[in-house]
2 protein chains.
Amino acid sequence: MSILVVGSVFFDSLETPYGRAERTLGGAATYFSVAASFFAPVRMVATVGEDFPQEEVDFLTSHKIDLTGLEVRPGKTGSWKGRYHDDMNQRDTLDLDLGVFSDFQPRLAAAHTGAQFVFLANIDPKLQESVLDQLSAPGVVGCDTMNHWITGSRADLERLLGRVGLLVINDEEARLLSGESNIVRAARKLLSMGPKRILIKRGEYGVIQFSADSVFAVPAFPLEEVFDPTGAGDTFAGGLMGEIARSGELSEASLRRAIVYGSVMASFVVEDFGLGRLRGLTHDEIEKRYRQFVSLTDISGS
Amino acid sequence: MSILVVGSVFFDSLETPYGRAERTLGGAATYFSVAASFFAPVRMVATVGEDFPQEEVDFLTSHKIDLTGLEVRPGKTGSWKGRYHDDMNQRDTLDLDLGVFSDFQPRLAAAHTGAQFVFLANIDPKLQESVLDQLSAPGVVGCDTMNHWITGSRADLERLLGRVGLLVINDEEARLLSGESNIVRAARKLLSMGPKRILIKRGEYGVIQFSADSVFAVPAFPLEEVFDPTGAGDTFAGGLMGEIARSGELSEASLRRAIVYGSVMASFVVEDFGLGRLRGLTHDEIEKRYRQFVSLTDISGS
C-alpha cells in the first residue's frame, strides 16, 4: 500500500560539533518520504519555491516518491539555519525563513483523497486537520507536533488528536501536552485524548509505545558517532509508517516491527549530515541493522 | 552456588517528593543481599555498630543471608540522610556519619575464601582489592564504584579493574572514568581497562551491556510512580549476580537473563521507601514481572 505524507520541505544549514553543511535538503516531509520510500510507495504533499533545484526533484523521483502533491509556487523554498551544542540534544536556531511554506495550504489531488496510510508531519494542527477533511476513508493516520502548537494552538491540536490513530512525539512534548512528568502517566493521559497508540521518541534512549493494553520499548541503536541528529524523528516516522504500509495492516506485531524499522532508519540518518546517509543506503544494510537490533534486544541471547 | 558480597550497611533517612522515612535499613550490601537472596544463598561481609537492632539481624537471616562476615564493632552503624529533588535523578546529602564503616577492613572467614561468585559493592578500591587478595580462586567477580573513587583513587581503581570480570556503573560514572561522552566509546575504553563486560545503568532508561563481541540493551520497567530510587542500582546488581550464581555460569544467555532479573528487582525496590517493597516480595511477583519484561521488549510481539 502507498503512503501519503504532508509536511515541510526545507533547505537546512547545519553546524554540529563534527562539521557543517550548507543548504542541504531537509524538512520533515523530505526525511519522512525518503525513509518511507525504502518500504512503500510515497506520495508527498508539500510546497517549495521556484528556486527548488531539478536535481533534488530527480533525487526524490529516483526514490519513487510521487511529487504530484509538491506545489511549486512563486517565491523561495523555506530555509533553516541551526547550530547544535556539544550535547546534541540542544540546538539553537540561527535563522528561519519560511518562504512559500508560510502560507502552505495542503490541497490533495483527486488521486490522493483515497489514501489509506497517512502521516501528518509537524505543521499547524489546523492544516493537519484540513488534510483529514479531504480524505474519503483514511485507515491508519499518524501525526507529529511540537511545542509551538502544544502551547499556542492547543484547542486545534486536541481536536486533531481525536481523529488520529498514532501520535508520534518526543518525551519533552509528551510531558508538555499531558501536563504529567512521569512518562507512563503522560502516555495514559494522551491515550485518553484520542490516539489509539502513543509513540514517544527518547533520542539516544530509543522509543517507547503505549496502547490501552500494551507497552513496547526499544533502545536506540548504540552508535559511536552521531554526526547530525537533524531529521532523526521524521526519519523514524518514515520507517515506521513505511513498514506499516508495506505490511498493509496495523497489528501489535506489525507495529513492533515497524518501530524497529523506524529506529533502524533513524540510526542511519544521524551517521552523516542531512540526508547524506540515506542517499546511498541499501536494503541489505537496512536488513542487516534490523538483525542487529534483534540481537541487541533479545533477552534469550540466542 | 552462593554469592559473596562486600559493602556497606547503613541507616538511611530519606525524603522524596512522595514522603519520608527515618532510619530505614539501607547500604549497598543490604540492598544487594536482599535482592540476591531471591536467587541464591548470600554471604554478606560488612560492619555495623553495637546499635544494630536484632530485628534487622533477624530480617536478614530470614532471607537466608549468612551473616558470619557481618562484624559488629564498638560504635555506631553508619548513617546517611538525603533529600531527593522533584527530578529524582538529583539528590542532596544532608548528613553523613560513617560510624564504624569509617575504618572498615573486610576480613573473610576461612569458609568464605573459596567463594566463586563475588560482588564488590561501592567502597574504597583498595579494600575491594584486599578482598580479591583473600580469595583462593574467584570465578565471576563484579564491582561497582563511584565518582569519589574515580577522581580521588584512580590508580587503585584501575588496578582493581584489571582483576574484575564485570563492571557495573551508571552512565555518568562511565563517562567520568573513560573520559568519553559517547556511551559506546566510553564502554570500549572501559573494556580496554580489564573487565570483560561493562554494564551501564541508565536509570529510567534501563541498562546497556557491552562485551568485546556483544551489546545488549534493556529498558527500565515503565512505572507510574517511583517513590524512592535509593538502592535501585545495588538492587539491580543483587538480582543480576544472584541470577548468575543461580545459573552457575556466565554465558551470554545467562547474563542477559540476569540483567533482566536485576532490572525486575530494581523496578520493585523503587515502588516503596527503603527496602519496604522487597520485604514482602514473592517469587511469583518476580516471575510475573519477568514475563512482563519479555513482553515489553519482544520485537516479534507474539
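**Close-up views of a predicted two-chain model**

**View 1. Glu252 of chain B and its surroundings.** The side chain of B:E252 makes a polar contact with the side chain of B:S214 at 3.1 Å, where a polar contact is a pair of N or O atoms within 3.5 Å, of which, within protein, one must be able to donate a hydrogen and the other to accept it, residues adjacent in sequence counting only if both atoms are side-chain atoms. The model is predicted, with local features needing pLDDT of at least 70 and side-chain atom pairs counting only at pLDDT 80 or more, while totals for chains, interfaces and linings use all residues. Residues are numbered from 1 along each chain as its sequence is written, chains are lettered from A and ligands numbered from 1 in the order in which they are written, and side-chain values use heavy atoms, with hydrogens and water left out. B:E252 and B:S214 are 38 residues apart in sequence, and their C-alpha atoms lie 8.4 Å apart in space. A second polar contact, also of 3.1 Å, joins the side chains of B:E252 and B:R197. B:E252 lies in helix α9 (residues 252–269) of chain B; helices (H or I, at least four residues) and strands (E, at least two) are DSSP runs, numbered from the N terminus. Leaving aside neighbours within four places in sequence, B:E252 is in contact with B:R197, B:Q209 and B:S214, and also with A:G301 of the other chain, contact meaning heavy atoms within 4.5 Å.

**View 2. A salt bridge within chain A.** A:R197 forms a salt bridge with A:E252, the closest N and O atoms being 3.1 Å apart; the term stands for a side-chain nitrogen of Lys or Arg within 4 Å of a carboxyl oxygen of Asp or Glu. This pair links distant parts of the chain, since A:R197 belongs to strand β12 (residues 197–201) and A:E252 to helix α9 of chain A, 55 residues apart. Over all chains, the count by this rule comes to 50 salt bridges.

**View 3. The interface of chains A and B.** Here 34 residues of chain A are in contact with 35 residues of chain B. The area buried between the two chains is about 2800 Å², of which carbon and sulfur atoms give 54%; buried area is the accessible area (1.4 Å probe) that two parts lose on being put together, summed over both. In chain A, the residues that lose the most area to chain B are A:Y205, A:E224 and A:I299, together 26% of what that side buries. Six salt bridges are found across the interface, and in one between A:R185 and B:E225 the side chains meet at 3.3 Å, N to O. On the side of chain A that touches chain B, the largest share, six residues, comes from α11(A).

**View 4. The four-stranded sheet of chain A.** An open sheet with mixed pairing is formed by four strands of chain A in the order β3-β2-β7-β8, two strands being paired if DSSP finds at least two bridges between them. Because β3 (19–26) and β8 (91–97) of chain A stand at the edges, each with a single partner strand, one side of each is left without a neighbour in the sheet. Strand β7 (residues 78–84) of chain A pairs with β8(A) in the antiparallel sense over six bridges, and A:K81 has A:D95, in β8(A), as a bridge partner.

**View 5. The four-stranded sheet of chain B.** In chain B, four strands in the order β3-β2-β7-β8 make an open sheet, and their pairing is mixed. Strand β7 (residues 78–84) of chain B and β8(B) pair in the antiparallel sense over six bridges, and the bridge partner of B:W80 in β8(B) is B:L96.
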